[in-house]
Amino acid sequence: LPSYLKPLESRHDGNVCDTEEELFSGLCYKRCALLTGGKWPRRKGPWTCCNDLPCNSMQEALKAGIKNPIAAAKMCYNHCDGKVGDGLICAGYDIAGDGSCPHRPGACLTDEELHGGVCYEKCSKLTNGEFPFRTAAATCCKVQGEFGCLKPGMAKTDKSFGTGGGAGDDDPSTPSQIHLPSPELTEAEDSATGLIRTPNFSPVMTTQHHDVQVTDVKPVEIMDDGNLCGDQEEMYAGLCYRKCALLTNGDAPFRSSAWTCCKRKPCGILNQMKAPGISMFCKGFGVSGDGACPHKPGACLKDEELYMGVCYKQCALLTSGLFSHRFSAIECCDRTGIGCLFPKHVRVSKNFAIGGGSGASNSSQPSTIHVPLERLTETQPA
């Protein structure tokens, strides 16, 4: 009998994406027909849906018997519709079937959710509905959106949240670890070859961890200064930000908000400074010590990087510098930004979701992914 966790899919329709999705340039997007109510059913780009009229070229119009340019122009007016959305990426028509980011072919289990291109067990299930929205590999939140989750008590972080949904159903084909969307859940094997026909992605990189010499990777910190953040950071509203003194070269050493620093106390409108441009989270003065997003108190190991509030071993070390930018829990990219949506720039391996420590040989340096550790920044009470 099939596992109750497997999604109901038409596994012989040639579509390696979910039933409500379509394949375009190697990624699964929500069908244009569903996004536009059938008005523009043909996808022409990440943000563009078109109708079925022969309007893509003059040659196509001529083949359809449309020889009058004026008649062709009238017919093809509003031939396509583009919807970018406020966030450009993962907004407008550039979304997957569930409204998240477009992803590689396949689907998650019915008790999983897609976050950052990876399938995790649903936060609503893991937290009994108390924190139903996933914001990171190990963090679930009470509300949607990054800003609401920054308030005390609104989010819960636990390394056990970084799991797949397949555990406990007695079916070895449903993974209990985090994983990429599985093509096996959307399309059946070819009876002749026994293979599932998916786009030809670059081979997955395998990584040997046991041949890497791991020594003391604890960061060098002042352990008795009362600061639970890194030495280049300061605590504000429960999160660690880069020190205002460093951001402003000492001109405004006192933090007055997530995006502003002031020259002296008491802080007011007249003595505040902010970075040029629009105030945004993880930009300007609203950054952590390494220029990433502000994070909960603690620090990562020296050979780790902070990604979405969780410490991972650095992609640069895992891939010998070839794919040094982390793109998800199990993806490393050779660049930053939109280029990482193209498979040739990304390497994928479940072995990338590890910590930087030696683990069993040194319990203070975890080999599994973890939230920033306070014991790395401040001496703990006996």
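Visitor: Which cut-offs decide whether a residue is called buried or exposed?
Guide: With a 1.4 Å probe and protein chains only, exposed means over 50% relative accessible area and partly exposed lies in between, while buried means under 20%. The model is predicted, so that local features need pLDDT of at least 70 and side-chain atom pairs count only at pLDDT 80 or more, whereas totals for chains, interfaces and linings use all residues. Residues are numbered from 1 along each chain as its sequence is written, and side-chain values use heavy atoms, with hydrogens and water left out. By the accessibility rule, cysteine 332, at 0% relative accessibility, counts as buried.

Visitor: Which cysteine forms a disulfide with cysteine 332?
Guide: A disulfide is taken to be a pair of cysteine sulfur atoms within 2.5 Å, and by this rule the count comes to ten. For cysteine 332 the sulfur atoms of the pair are 2.0 Å apart, and the partner is cysteine 315.

Visitor: Which helix and which strand does this pair of cysteine 315 and cysteine 332 link?
Guide: Helices (H or I, at least four residues) and strands (E, at least two) are DSSP runs, numbered from the N terminus. The two cysteines are 17 residues apart and link distant parts of the chain. Cysteine 315 is buried, with a relative accessible area of 0%, and it lies in helix α7 (residues 315-318), while cysteine 332 lies in strand β19 (residues 331-333).

Visitor: What is the handedness of the disulfide between cysteine 244 and cysteine 261?
Guide: The sulfur atoms of cysteine 244 and cysteine 261 are joined at 2.0 Å. Cysteine 244 is buried at 0% relative accessible area, and cysteine 261 also counts as buried at 0%. Because the torsion about the S-S bond is about -75°, this disulfide is left-handed.

Visitor: What is the torsion about the S-S bond of cysteine 333 and cysteine 340?
Guide: These two cysteines form a disulfide with their sulfur atoms 2.1 Å apart. Cysteine 333 is buried, with a relative accessible area of 0%, and cysteine 340 is buried, with 2%. The disulfide is left-handed, since its torsion is about -105°.

Visitor: Which residue in β4 stands opposite arginine 42?
Guide: Two strands pair if DSSP finds at least two bridges between them, and three strands form an open antiparallel sheet in the order β3-β4-β5. The edge strands, each pairing on one side only, are β3 (42-45) and β5 (80-82). Three bridges join β3 to the antiparallel strand β4 (residues 48-50), where the residue opposite arginine 42 is cysteine 50.
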